[in-house]
Amino acid sequence: MSPVFVRSLPFGLYIALLALESLLPDWAPGFDVRWLYPVKAGLVAFALAVLWRHYTELRSYGLPLKHLLLALAVGLGVLVLWVNLDAAWMLMGEAGKGYNPTDESGHIDWLLVAFRIAGAALVVPIMEELFWRSFLQRWVQQPDF
């Protein structure tokens with residue numbers, strides 16, 4: 001398979017489903033659009049799993065335990081900062097509707113939250129790195145990479 005295809009398919013699939021998300025309320029008025037995110041993340045995860053053998057740049061080269069622990073600590077630190085970036089001086093414009101995990105009665109849908117976190121933390125970063133760095137950056141430098 002073409003290196004361009006295997007690195008751009010998951011990203012293209014995600015973008016196509018993102019475009020569908022804006023059209024879905026008109027096509028299926030009763031559909032809860034919040035559940036489209038698990039579908040997007042699931043389909044992209046499936047595409048990544050099917051094409052995984054082509055991603056030679058993601059093969060494990062081993063990581064010393066101290067580097068692994070440092071990476072986890074930094075990741076948790078960034079998570080804490082990211083969640084708390086809501087001070088008034090950090091906001092621009094009007095706050096959008098955004099992601100709301102609560103249903104009509106105000107209860108949090110924890111399954112939806114779990115899908116959202118798993119997609120945002122595990123699937124989307126791999127998909128984006130493969131597209132932006134593994135494909136596009138190398139293609140700009142040399143189209144026949």
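In this predicted model, the side chains of Arg133 and Glu129 meet in a salt bridge, with N and O 2.8 Å apart. Both residues lie in helix H4, four residues apart, which is about one turn of the helix. How exposed are these two partners? Arg133 is partly exposed, with a relative accessible area of 49%, and Glu129 is partly exposed as well, at 39%. The general idea behind such a pair is simple: side chains of opposite charge can pair when their charged atoms come close.

How many salt bridges does a search of the whole structure find? The search finds two. In the other pair, Glu57 bonds with Arg7, and the closest N and O atoms are 2.9 Å apart. This pair links distant parts of the chain: Glu57 sits in the loop between H2 and helix H3 (65-83), while Arg7 belongs to helix H1 (residues 3-27), 50 residues apart. Is Arg7 buried or exposed? Buried means under 20% relative accessible area, so Arg7, at 5%, counts as buried. Glu57, with 30% relative accessibility, counts as partly exposed.

Now let us see how the helices pack. Two packed helices are described by the angle between their axes and the distance between the axes.

| Helix pair | Angle between axes | Distance between axes |
|---|---|---|
| H2 and H4 | roughly 40° | within 9 Å |
| H1 and H4 | about 135° | 9 Å |
| H1 and H2 | roughly 165° | within 10 Å |

Take H2 (residues 36-51) and H4 (residues 110-141), whose axes cross at roughly 40°. That angle makes H2 oblique to H4, and H2 passes H4 in a left-handed crossing. On the H2 side, the contact is made by Tyr37, Pro38, Ala41, Val44, Ala45 and Leu48, and the H4 residues they meet include Phe115, Gly119, Val123 and Met127. Sorted by type, the residues of this contact are 14 nonpolar, one polar and one charged.

Next come H1 and H4, which pack at an angle of about 135°. These helices are therefore oblique to each other, and H1 passes H4 in a left-handed crossing. Which residues of H1 make the contact? They are Val4, Arg7, Ser8, Pro10, Phe11 and Tyr14, and their partners in H4 include Val124, Trp132, Phe135 and Arg138. The residues here divide into ten nonpolar, two polar and two charged. Arg7, met above in its salt bridge with Glu57, is one of the H1 residues in this contact.

The remaining pair in the table is H1 and H2, with axes that cross at roughly 165°. An angle over 145 degrees counts as roughly antiparallel, so H1 is roughly antiparallel to H2. The crossing of H1 and H2 is right-handed. Among the H1 residues in this contact are Val6, Leu9, Leu13, Leu17 and Glu21, while H2 brings residues including Leu36, Lys40, Leu43 and Leu51. The contact holds 16 nonpolar residues, no polar ones and two charged ones.

Finally, look at a loop. Met92 has its place between H3 and H4. At 78% relative accessibility, Met92 counts as exposed. How far apart are Met92 and Ala114? They are 22 residues apart in sequence and 28 Å apart in space, C-alpha to C-alpha.

Methods: Residues are numbered from 1 along each chain as its sequence is written. This is a predicted model: local features need pLDDT of at least 70, side-chain atom pairs count only at pLDDT 80 or more; totals for chains, interfaces and linings use all residues. Side-chain values use heavy atoms; hydrogens and water are left out. Axes are lines fitted to C-alpha atoms, for helices over the stretch in contact, and angles run from 0 to 180 degrees between N-to-C directions. Helices (H or I, at least four residues) and strands (E, at least two) are DSSP runs, numbered from the N terminus. Angles under 35 degrees count as roughly parallel, over 145 as roughly antiparallel, 65 to 115 as roughly perpendicular and the rest as oblique. A crossing is left-handed if the near helix is turned anticlockwise from the far one by less than a right angle, and right-handed if clockwise. Contact means heavy atoms within 4.5 Å. Ala, Val, Leu, Ile, Met, Phe, Trp, Tyr, Cys and Pro count as nonpolar, Asp, Glu, Lys and Arg as charged, and the others, Gly among them, as polar. A salt bridge is a side-chain nitrogen of Lys or Arg within 4 Å of a carboxyl oxygen of Asp or Glu. Buried means under 20% relative accessible area, exposed over 50%, partly exposed in between (1.4 Å probe, protein chains only).
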